[in-house]
Structures are given as C-alpha cells and as structure tokens.
Amino acid sequence: FKGGDTCEYLLSSGRFLGEKVWQPHSCMMHKYKNSEAKNCLIDKHVVFIGDSRIRQLFYSFIKLINPQVKEEGIKSTDCLLSLQGNSAFFLQDFLWYPEVNGSMRQRIKSWAEGSVAKPHIIVVGAATWSIKIHNGSNEALAQYKINITSIAPLLEKLAISSDVYWVLQDPVYEDMLSESRKMITNEKIDAYNEAAVRILNSSSRNSKAKVKVFSVSKLIAQETIMKSADGLHLPESSRDTNAMILMNVYCNKIMKPIDGSCCQPQPPLTLIQKIAFCFFTLSIFGYLIISLIHRNNYRKNKSCTDLESGEEKKPAISTPNVSTLEMLLHCFCKLGLIMTYFYLCDRANLFMKENKFYTHSSFFIPIVYILVLGVFYTENTKETKVLNREQTDEWKGWMQLVILIYHISGASTFLPVYMHIRVLVAAYLFQTGYGHFSYFWIKGDFGVYRVCQVLFRLNFSVVVLCIVMDRPYQFYYFVPLVTVWFMIIYATLAVWPQIVQKKANGSCLWHFGLLLKLICLLTCIYFLSYSQKIFSFWPLSKCFELNGNVYEWWFRWKLDRYVVFHGMLFAFIYLALQKHQMISEGKGDPLFSNRVSNVLLFISIVSFLTYSIWASSCKNKTECNELHPSVSVVQILAFILIRNIPGYVRSVYSSFFAWFGKISLELFICQYHIWLAADTKGILVLIPGYPMFNVLVSTFIFVCVAHEISQITNDLAQIVVPKDNSTLLKRLLCIAGFFSGLHFFSAMQDQSRH
C-alpha cells in the first residue's frame with residue numbers, strides 16, 4: 001500500500017490513540033516544542049480569519065510559540081500579536097470576520113492584488129454565524145454559496161505563494177446548545193461544509209494554487225465535542241491538537257523532524273548513496289552473469305560422456321578464485337536487494353508510518369505470549385556447564401525479544417519497564433565481558449585475525465546501513481558500544497604481560513597479576529566517567545558524534561560503564577572455581593553442596609525481587625540512571641545463579657529463544673528501519689487498517705531479513721578476513737583506503753549542503 005499524499009491525509013483523516021493522542025492515517029505527527037515552533041515561524045506572518053472558533057484555534061496556535069499568552073480582549077474584535085524574542089520576530093493576527101461576506105472578500109482581495117503584504121499562512125473558516133443570524137434559512141445557505149464562489153478564485157491566487165487553509169465547520173453537541181443557538185444543527189453544518197468543499201478548487205487546475213481543506217477538525221470534534229462547555233466550542237485539548245496539525249503541515253518540510261513524517265518530501269540521494277546503489281546493481285548483474293556462465297559450463301560438462309567406457313566425465317572443478325568471486329557476488333546481490341527494501345521502508349515515501357502509543361496490554365500481553373512459546377520449545381542442553389553456549393543464546397534471545405516489544409510498544413514512557421530494560425541491555429554487555437574474557441583467557445589467541453573477525457561481524461551490517469540510510473555510526477549506538485568494549489577487553493589482556501590460563505596454572509602469582517590488571521581497568525573506567533572531553537577529540541569524535549556532539553555516546557557509555565568489568569571478573573572467578581573443581585557441573589547436580597546451593601538460591605531470589613521492587617518504585621529517571629551502573633549487576637548475578645544452581649534447570653534450554661539469540665545483533669540493528677520506522681520513532685505500516693495483521697507480516701519479513709543478514713555477514717567474514725597475516729594486512733590497508741574515501745565524500749557532501 002502506497003503512503004500517498006501524507007499532507008492530504010494529515011488534513012483529512014486519522015484516529016485517536018487513547019483519549020488525547022491523535023494519529024493521522026498514514027504518517028507520524030511531530031510534537032513541536034516552543035523553540036522548534038519559533039525556529040520554523042521566525043519572520044513569518046500568520047493570519048487567522050473567521051469567527052470565535054477560529055479565534056480559539058488562533059490562540060492555541062500562538063501558545064505553541066509562547067505558552068504564556070492569554071486569551072484577552074473582546075471576542076468579537078480583531079487581535080494582533082507581535083512576538084519578539086532574541087532578535088526573532090513573529091507576527092500573528094486574528095481578524096474578526098464571522099461571516100463569508102463582502103467584507104471578508106475585500107480583505108482577501110487586498111492580499112491577492114498585492115495592495116497589502118501577503119501573509120505566509122492564512123487560515124480561514126466561518127459559517128455558524130450565518131446559520132444563527134438567519135435562523136438556519138435556505139436563503140442564507142444560497143447566499144453563502146454565492147459569497148464563497150466569489151472568494152474562491154482570490155484564495156486560489158493567494159495559494160500560489162502562501163499556504164491557505166479553509167477550516168471546515170466542526171459538528172456541535174445539540175443537547176448542550178443555548179436557546180439562541182438551537183438553530184445551529186449538524187445537518188445545517190454539513191450542508192455548509194459540503195458547499196465549501198464543492199466550490200473551493202473547482203476551477204483550479206494548478207496543484208500549487210489549491211486551497212488546503214482542513215477537514216480533520218471535524219473528526220476530532222466528533223470524538224470530543226461532548227466535553228464542550230457550551231456545545232459549540234471545542235475543549236482545549238482538541239484545539240491544541242488542531243493547532244499541532246497546522247504546525248506539522250507547515251513546519252515539517254522546513255524543520256524535517258525525524259518523528260514527523262507527515263508532509264515531508266523524500267530526502268534526495270546523497271553521493272555516497274548513489275555510489276552504493278551502483279555497486280549493488282553491478283553486483284547483482286555480475287552474479288547473474290557468472291551464474292549463467294557456470295550453469296552453461298556445468299551442462300556442457302555433464303553432457304560429455306566417454307564413448308569407450310560409457311561413463312560420464314566429471315565436470316571440471318572451478319578454480320578457487322572464481323568460486324570465491326561467485327560467493328562474494330552472491331552475498332552482495334542478496335545484500336543489495338535487502339538494502340533496497342530498507343531504503344523503501346524508511347527513506348522513500350512508499351509505506352505508511354504511525355506513531356507509537358503505549359498501553360500496559362500492548363507490552364505485557366506479547367511478553368506472556370513469547371514466554372509461553374519459549375517454555376513450550378524446551379530441550380536438553382549438550383553440556384551442563386554454567387553459561388554454556390545454548391544457555392547464553394537463550395538468554396540473548398529472550399532479552400532481545402523483550403527489547404523489541406519494548407521498542408514497538410513505546411514502553412520507554414513507563415519508568416518501571418524502562419529500568420528493567422536497562423538491566424537487559426547491561427546483561428548484553430555483561431555477556432560481552434564474560435565471553436571475550438573467557439576466550440582470551442582459555443585460548444590465549446591475541447592474533448590480528450581474531451580481532452578482525454570480531455570487528456567485522458559486529459560492524460559490517462551497521463557500516464552498510466550508515467552508507468545506504470545516510471546515518472552516522474553512533475546512530476546505531478549499541479554496536480559502537482560493544483565494539484569499544486571489545487577493544488578495551490583486548491587491550492587489557494593483550495598488553496604486557498599477557499596472562500592466560502595456561503601460564504597462570506604454573507603459579508598463583510599470575511592470578512594476582514591479572515587481578516591487578518582488572519583493578520587498573522576499573523580505575524581507568526572510574527576516572528573516564530568524569531571526563532567527557534576525551535571522546536570529543538578527533539578521530540574519536542567522528543566515530544561517536546550524533547547531531548553534532550558526543551552527548552548520546554557519553555550517556556550510553558556512562559550508563560553501563562561498570563558492567564563489562566563485572567562480566568570479566570565473574571568469568572575469572574568462575575573459571576578459577578571450575579579449575580580447582582570447587583563447583584559441580586554434572587547433569588542434574590546442584591552447582592554447590594545442597595546447603596550452600598539453597599542459601600545462594602534464596603539470596604538470589606530475594607536480591608532479584610528487591611531490585612525489581614526498587615526499579616518499579618522509581619520516580620525520577622535521572623536519579624535512577626545515576627544508580628543503575630552500580631546496582632544493575634545485582635539482578636544480573638541473581639539471574640545467573642537462579643538459572644544455574646539447580647542442576648535440572650541448568651540441563652535444559654529453550655530452543656525457541658536460542659534461535660533468536662543467534663541473530664540477536666542483527667535483530668537489534670534491523671528493527672531501526674524495517675520493523676519500526678522513522679529511525680525507531682514510529683512503526684512501519686505495510687497493511688493499514690489491520691494493526692495485528694500488519695505486525696505479523698512486518699515481523700515475519702523483519703526476522704527473515706535479520707536471519708539472512710546474519711548468514712551474509714558470516715559468509716563474507718570468511719572471505720574478507722583471511723587467516724594469512726600478509727593477505728589480511730593488505731586488505732586492512734584497502735579497508736583504510738575505503739574509509740578515507742568515504743570520509744572525503746562525506747566532507748564534500750557536507751560542504752554542498754552548507
């Protein structure tokens with residue numbers, strides 16, 4: 001389903017999410033702050049013309065710029081407001097013309113003919129006074145049609161250079177109308193609205209000279225007019241929604257907010273994006289050509305038979321270079337098609353997008369559903385060690401699914417859920433510290449090949465998305481985070497003296513040496529947490545900048561600064577206990593003696609619940625974030641002990657969660673553009689009008705794409721990162737040249753924008 005003209009949808013259709021959140025039919029509406037509204041309307045002249053209902057809309061619009069403005073003065077007079085601030089000037093006028101008559105025409109004519117300076121935005125609407133004064137007579141309706149017919153060409157002429165909006169009349173709540181307004185019925189209002197819609201733009205063939213009909217106010221009023229104080233005027237929340245819609249219609253194309261897709265034009269392709277699409281196109285054609293050549297050769301070889309023996313000859317084996325080239329082009333061919341889908345979903349105005357809206361049911365019901373599925377697919381583990389491969393995949397899997405539900409439901413607005421999700425993100429980083437420390441400690445492999453393999457698998461898909469989607473590296477914040485922590489772990493253990501398990505077995509002093517290294521790491525982390533400047537220097541700033549500063553990186557890094565260290569320390573203690581046979585990891589056996597296991601299990605359950613109670617009672621996000629780095633490890637360790645102390649629990653795992661755990665990184669990255677939308681600010685809508693069916697379809701595609709990208713990354717890692725050091729060094733130089741060229745093109749692009 002094509003998104004279509006999102007401006008038209010914004011002005012004409014939508015629905016309420018809950019009681020106060022308005023959702024346009026096909027796009028996302030941005031909630032403008034005062035500073036944003038001022039930046040958009042600086043030196044702009046905005047005029048509202050009409051009756052008391054238009055006057056109320058005028059004041060709601062003004063309050064988006066300055067909330068301190070009060071509705072003052074006689075309601076049946078003009079109101080001229082000039083707002084001044086920090087050398088910026090805003091001119092907002094309300095002109096009292098309660099009827100569409102000769103006086104209104106004369107005012108509009110003065111703008112159309114240029115005798116008076118044209119406003120940038122004109123909002124017009126009137127009808128209820130004509131109904132009231134003439135007691136709802138048919139003659140008044142006929143005169144209304146004549147008058148609006150004479151005004152329409154003038155408005156269309158103004159619409160060539162200004163934004164002109166005709167506000168249709170809202171329905172009334174007839175039971176609440178006073179006796180003097182009883183003649184204003186919804187039937188009469190519909191007749192006047194029908195006349196206005198039929199006459200406006202009827203003679204205009206120029207799309208740029210069209211008056212925009214503001215009909216969405218009718219839909220909003222139908223839901224809220226019962227809360228009106230007099231049955232005629234809308235409640236304040238509805239007027240504010242109308243004002244915000246007007247702000248989106250005019251300002252979105254100027255301010256280009258990420259979470260405001262309504263009325264935004266499709267962004268032009270950058271030079272880097274054009275090069276990327278050319279590369280993927282060539283890869284697709286190259287793969288098709290090579291596949292055809294190989295298929296023809298295979299058929300020829302298969303048809304060749306030895307006439308003497310009657311045996312079929314074996315086809316010639318392709319050379320390794322050709323085979324590698326074909327595999328490489330195959331990967332880039334699939335990746336090109338996938339990236340095209342990414343671009344169509346979140347950059348082209350092809351599919352619809354909607355705002356998130358949080359309810360408790362939208363978060364907790366899917367959580368219960370996936371929990372039941374996870375328990376249903378329970379299998380025995382191949383090994384029964386603490387945090388074995390199946391168990392860590394399971395852990396990553398269910399955490400990733402919970403985080404996905406958290407993102408699509410907009411649960412970040414609910415603080416208790418937010419605090420628990422912060423623990424899940426910390427648990428990912430804990431596993432980063434645990435996993436990489438265990439590998440280096442046991443294997444002692446500090447070679448360049450291992451480092452390049454890990455860095456490639458972590459960063460490949462993100463680098464491609466940065467190019468195709470025109471986003472900075474820090475935008476996908478989790479990948480930079482785990483990349484930096486991997487390099488910190490590597491540097492800590494690889495720096496002289498290199499202490500590994502094989503060496504430490506000979507003397508206990510090496511264990512103290514490693515503890516000393518970990519203490520030095522903890523000290524560095526502590527002091528770095530008080531110095532943001534170190535990340536502001538080039539070239540670190542280029543990697544971690546988002547919106548011109550490194551604050552986002554600083555916030556993410558500082559929030560979980562100790563948990564990777566906790567993961568490394570846990571791995572060291574666990575491996576030491578395992579080496580000295582102080583724990584029992586047999587199938588069905590408790591981890592410790594029965595008494596110790598029961599005590600630790602009780603303490604773990606109490607600690608787990610205590611943290612959850614504290615997080616659920618949290619009132620201030622800033623204060624809780626300050627405590628989070630120090631206390632998040634409590635719930636993580638409690639979970640590990642609960643999951644591993646009982647032998648029967650340690651011996652089973654959920655294959656359902658483990659499957660998702662194997663592609664957890666790809667799921668986290670892909671959600672940005674093909675499951676969520678507008679860079680995670682909204683929800684992608686492939687099938688409008690059927691929310692549940694839409695989520696099922698988009699989720700299926702999203703998971704398949706994530707799985708495919710995982711396979712592509714693994715295949716390319718084997719090709720791009722060779723084991724031979726000399727070949728690897730040459731390719732690293734090529735990659736350095738590639739990023740230098742990328743930086744050059746990016747600099748050229750920035751200059752052209754400025």
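Student: Where is arginine 347 found?

Tutor: Arginine 347 sits in the loop between α11 (320-346) and β9 (352-355), where helices (H or I, at least four residues) and strands (E, at least two) are DSSP runs numbered from the N terminus. This is a predicted model, in which local features need pLDDT of at least 70 and side-chain atom pairs count only at pLDDT 80 or more, while totals for chains, interfaces and linings use all residues. Residues are numbered from 1 along each chain as its sequence is written, and side-chain values use heavy atoms, with hydrogens and water left out.

Student: Is arginine 347 buried or exposed?

Tutor: A residue is called buried under 20% relative accessible area, exposed over 50%, and partly exposed in between, using a 1.4 Å probe and protein chains only. Arginine 347 has a relative accessible area of 9% and is therefore buried.

Student: Which side chain does arginine 347 join through a polar contact, and with which residues is arginine 347 in contact?

Tutor: A polar contact is a pair of N or O atoms within 3.5 Å; within protein, one must be able to donate a hydrogen and the other to accept it, and residues adjacent in sequence count only if both atoms are side-chain atoms. Here the side chains of arginine 347 and aspartate 679 are joined by a polar contact of 3.1 Å. Contact means heavy atoms within 4.5 Å, and, leaving aside neighbours within four places in sequence, arginine 347 is in contact with Gln266, Pro267, Phe342, Met469, Arg471, His673 and Asp679.

Student: How many disulfides does the structure hold, and what is the pairing of the bonded cysteines?

Tutor: A disulfide is a pair of cysteine sulfur atoms within 2.5 Å, and the structure holds four. With the bonded cysteines of the protein chain numbered in sequence order, the pairing reads 1-6, 2-5, 3-4, 7-8.

Student: Which parts does the disulfide of cysteine 27 and cysteine 262 tie together?

Tutor: The sulfurs of cysteine 27 and cysteine 262 are joined at 1.9 Å, and with 90 degrees about the S-S bond the link is right-handed. Cysteine 27 lies in the loop between β2 (21-24) and α2 (34-41), and cysteine 262 in the loop between α9 (236-255) and α10 (271-303), so this pair ties together parts that are 235 residues apart in sequence. Cysteine 27 is buried, with a relative accessible area of 0%, and cysteine 262 is buried with a value of 0%.

Student: What can be said of the link between cysteine 40 and cysteine 251?

Tutor: That disulfide has an S to S distance of 2.0 Å, and with -95 degrees about the S-S bond it is left-handed. Cysteine 40 lies in helix α2 and cysteine 251 in helix α9, so the pair ties together parts that are 211 residues apart in sequence. Cysteine 40 and cysteine 251 are both buried.

Student: How do β1 and β2 run relative to each other, parallel or antiparallel?

Tutor: Two strands pair if DSSP finds at least two bridges between them; strand β1 (residues 14-17) and β2 are joined by four bridges and run antiparallel. Leucine 17 has valine 21 in β2 as its bridge partner. The two strands, β1 and β2, form a hairpin with three residues between them, and glycine 18 in the turn has a positive phi of about 80 degrees.
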